[in-house]
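This briefing goes through one protein chain by topic. The notes below are meant to be read beside the sequence and the structure.

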Amino acid sequence: EGRGIESESVRTRQLIELKAFMCRTLTPHDKWLLAGDMNIEGGSAEYHHMVDLLGGESLGAPDFCATYNTESFLTPPGWRGVEYSVCLDHMLSNVKMDDFRVL
């Protein structure tokens with residue numbers, strides 16, 4: 001009791017707000033593509049919540065290409081050299097795509 005939205009993560013609230021925006025602005029016939037750094041690890045519980053909420057798998061699932069690793073010059077100190085390669089970026093769409101490539 002008294003938990004409500006406070007018990008949800010910021011990321012979960014952002015996904016809920018995004019879904020609400022999509023519901024307000026899209027018609028059932030509109031085509032959409034949602035892509036970006038969701039900061040959600042492919043295959044995680046958070047990922048599956050996103051899939052349930054938005055109604056589709058990320059392109060490339062379940063064989064997620066790593067979109068983040070610790071070899072980048074953008075990696076913060078302390079993370080450099082740590083073995084961590086993961087898919088944090090996702091593309092979801094209601095458009096059927098035959099192929100795509102992570103560059």
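Asn39 lies in the loop that runs between β1 (33-37) and α2. The model is a predicted one, and the chain in it contains two helices and two strands. In sequence order these elements give the pattern α-β-α-β.

**Backbone points in the loops**

- Asn39 has a phi near 55 degrees, which is positive although the residue is not glycine.
- The relative accessible area of Asn39 is 39%, so the residue counts as partly exposed.
- The peptide bond that joins Ala61 to Pro62 is cis, and its omega is near 0 degrees.
- Pro62 sits in the loop between α2 and β2 (89-93).
- For most residues other than glycine phi is negative, and most peptide bonds are trans.

**The loop around Phe73**

- Phe73 belongs to the loop between α2 and β2.
- With a relative accessibility of 70%, Phe73 is exposed, because the cut-off for exposed is over 50%.
- Phe73 and Asp63 are ten residues apart along the chain, and 26 Å separates their C-alpha atoms.

**Helix α1**

- The 16 residues of α1 should span 22 Å at 1.5 Å a residue, and the C-alpha atoms at its ends are 23 Å apart, so the two values agree.
- Thr12, Leu15 and Met22 are the buried residues of α1.
- Viewed down the axis of α1, these buried residues fall within an arc of 85 degrees, and therefore they line one face of the helix.
- Val10, Glu17 and Arg24 are exposed on the other side of α1.
- What the buried residues of α1 pack against is α2.

**Nonpolar core**

- Eleven residues form the largest nonpolar core: Leu15, Met22, Trp32, Leu34, Met38, Ile40, Tyr47, Met50, Val51, Leu54 and Leu92.
- Two or more residues of this core come from each of α1 (10-25) and α2 (45-54).
- The largest share, four residues, is supplied by α2.
- Leu54, one of the core residues, is in contact with Lys19, Met22, Trp32, Leu34 and Leu92 when neighbours within four places in sequence are left aside.

**Cysteines**

- The whole structure was searched for disulfides, and zero were found.
- Cys87 takes part in no disulfide, and the nearest cysteine sulfur, which belongs to Cys65, is 7.4 Å away.
- Cys87 has a relative accessibility of 8% and so counts as buried.
- Cys23 has a relative accessibility of 52% and so counts as exposed.

**The chain as a whole**

- Along its principal axes, the C-alpha trace spans about 45 × 45 × 20 Å.
- The chain has 103 residues, of which 19% count as buried.
- Among contacts with a separation of 6 or more, 59% involve residues 24 or more positions apart.

Methods
Residues are numbered from 1 along each chain as its sequence is written. This is a predicted model: local features need pLDDT of at least 70, side-chain atom pairs count only at pLDDT 80 or more; totals for chains, interfaces and linings use all residues. Side-chain values use heavy atoms; hydrogens and water are left out. A nonpolar core is a set of buried Ala, Val, Leu, Ile, Met, Phe, Trp, Tyr and Cys residues joined through side-chain atoms within 4.5 Å. Buried means under 20% relative accessible area, exposed over 50%, partly exposed in between (1.4 Å probe, protein chains only). Contact means heavy atoms within 4.5 Å. The expected span of a helix is 1.5 Å times one less than its number of residues. The arc is that of the directions from the helix axis to the C-beta atoms. A disulfide is a pair of cysteine sulfur atoms within 2.5 Å.
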